[in-house]
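This report walks through a protein model, part by part. Please look over the structure first, then read on.

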Amino acid sequence: MDSRYSRNRIYISDKEQENIRSTRIFLGGAGIGSLIAECALRIGFEDIVIVDGDKVELSNLNRQNYTKSDIGKYKAECLAKRLLKINPKANIQYYNVFIDHGNISSMLDGVSIAVNALDFTTDIPFVFDKECSDRRITVLHPYNFGWGAFLAVIKPGGYQLTELSSSHEEFELKMAEFVARYHKFWNMPEMWLDSVIEEYKNERQKLSPPQLSVGAWIAAGYCVNAMFDIAIGRDVKYFPKFYFSSLRSVSV
C-alpha cells in the first residue's frame, strides 16, 4: 500500500485501495461537495471531476470547505487547487460552469459515481439524475440537516427522487419532511427536526434552508462510505431506503 494510505490498513485492503483510486467520481455542486471531495480524496479516491459555476460567499464559510481568501472566487477552482495541495498526483478536473441541459452529457464520460449537490432552483437536479440513470451511474444525494444529515442513493433504473415530488420547488423542505414522517411512523420522532421544519416554514422571508458545519461533515462521511461500498461491490441502501444520522436523537 502507498505510504500515503498506510493508516488505511485493516480498514481497506490493497486491492480495495486500488479500486477506489481508479474510480471516477463526479461532484455536481461544490458547496457540500467541497467537504465530500476532500474526505473522498483523503481516503484514496484520486479521480475527481468538480462542476460548479458559483463563487464563494462569506455565508458559505460556516459549513463549506473554503477560507476567507477564497471569497469572490469560483468554488470549483478553489476546491481543485486545495485538493491538489493535498495530493498533487491526483487527477482533479474542474469546470467553473453551472450544469445545464446542454452540458450535462459531455461531462459524465468515464464516471462511475456522481454526487448531486445541485441547488433545487430549477429542474436541473432531476435532469441530472435522469442522465446518470441512462448512463448506469449511481447518484448520491446528500442533505445537511444541521445537527444531522441524510443521504439518498439513487440506483440506475431504480426509484428516483421524483417519486417523492415531481416539482423542484422547496424540494429540500420536502425531503426533510419525508425523513420526519418516516421517524414518526416508526415511533422514533426527531423532535428537533420537526421544530426546525416548522420554524423554517414560518419564516416571513423566503430564505435558503439553515445549515450547520456538523451536518455537512456527517453527510460527507455518509457519501464517502457509500462511494467506497459501491466501488468495491458491496451492497448499499437504495432509495426509498436512506441513511440518516442525528446528534440530537434521544438514546433510550
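Helices (H or I, at least four residues) and strands (E, at least two) are DSSP runs, numbered from the N terminus. Ala40 is found in helix H2, residues 33-43. This is a predicted model, in which local features need pLDDT of at least 70, side-chain atom pairs count only at pLDDT 80 or more, and totals for chains, interfaces and linings use all residues. Residues are numbered from 1 along each chain as its sequence is written, and side-chain values use heavy atoms, with hydrogens and water left out.

Burial comes next. Buried means under 20% relative accessible area, exposed over 50%, and partly exposed in between (1.4 Å probe, protein chains only). Ala40 has a relative accessible area of 0%, so it is buried. The C-alpha atoms of Ala40 and Ala220 are separated by 8.4 Å. Along the chain, these two residues are 180 residues apart.

**Aromatic rings**

How many aromatic pairs does a search of the whole structure find? It finds 15. Rings of Phe, Tyr and Trp (its six-membered ring) pair if their centres lie within 6.5 Å; planes under 30 degrees apart count as stacked, over 60 as edge-to-face and the rest as tilted. Phe120 and Phe171 form a stacked pair, 4.5 Å centre to centre with 20° between the planes. Phe120 lies in the loop between strand S4 (113-116) and helix H4 (124-134), and Phe171 lies in helix H5 (residues 171-185), so the pair ties together parts 51 residues apart in sequence. Both Phe120 and Phe171 are buried.

Phe171 also pairs with Phe126, this time edge-to-face: 5.4 Å centre to centre, 85° between the planes. Here helix H4 holds Phe126 and helix H5 holds Phe171, 45 residues apart. Phe126 is buried too.

Elsewhere, ring pairs link a cluster that includes Tyr143, Phe178, Trp186 and Phe239.

**Charges over rings**

A charge sits over a ring if NZ of Lys or CZ of Arg is within 6 Å of the ring centre and within 35 degrees of the ring normal. The table lists two such cases.

| Charged residue | Ring | Distance to ring centre |
|---|---|---|
| Lys55 | Tyr74 | 5.0 Å |
| Lys237 | Tyr243 | 5.1 Å |

**Cysteines**

A disulfide is a pair of cysteine sulfur atoms within 2.5 Å. The structure holds 0 disulfides. Cys223 is buried, at 0% relative accessibility. Cys78 is buried as well, with a relative accessible area of 11%.

**Backbone details**

Which residues does a cis peptide bond join? It joins Phe239 and Pro240, with omega about 20°. Pro240 sits in the loop between helix H7 (213-232) and strand S7 (243-246).

Arg136 is not a glycine, yet its phi is positive, about 65°. Its place is the loop between H4 and strand S5 (138-144). Is Arg136 buried or exposed? Arg136 is exposed, with a relative accessible area of 59%.

Glu170 is not a glycine either, and its phi is positive at about 50°. Glu170 lies in the loop between strand S6 (148-154) and H5. At 43% relative accessibility, Glu170 is partly exposed.
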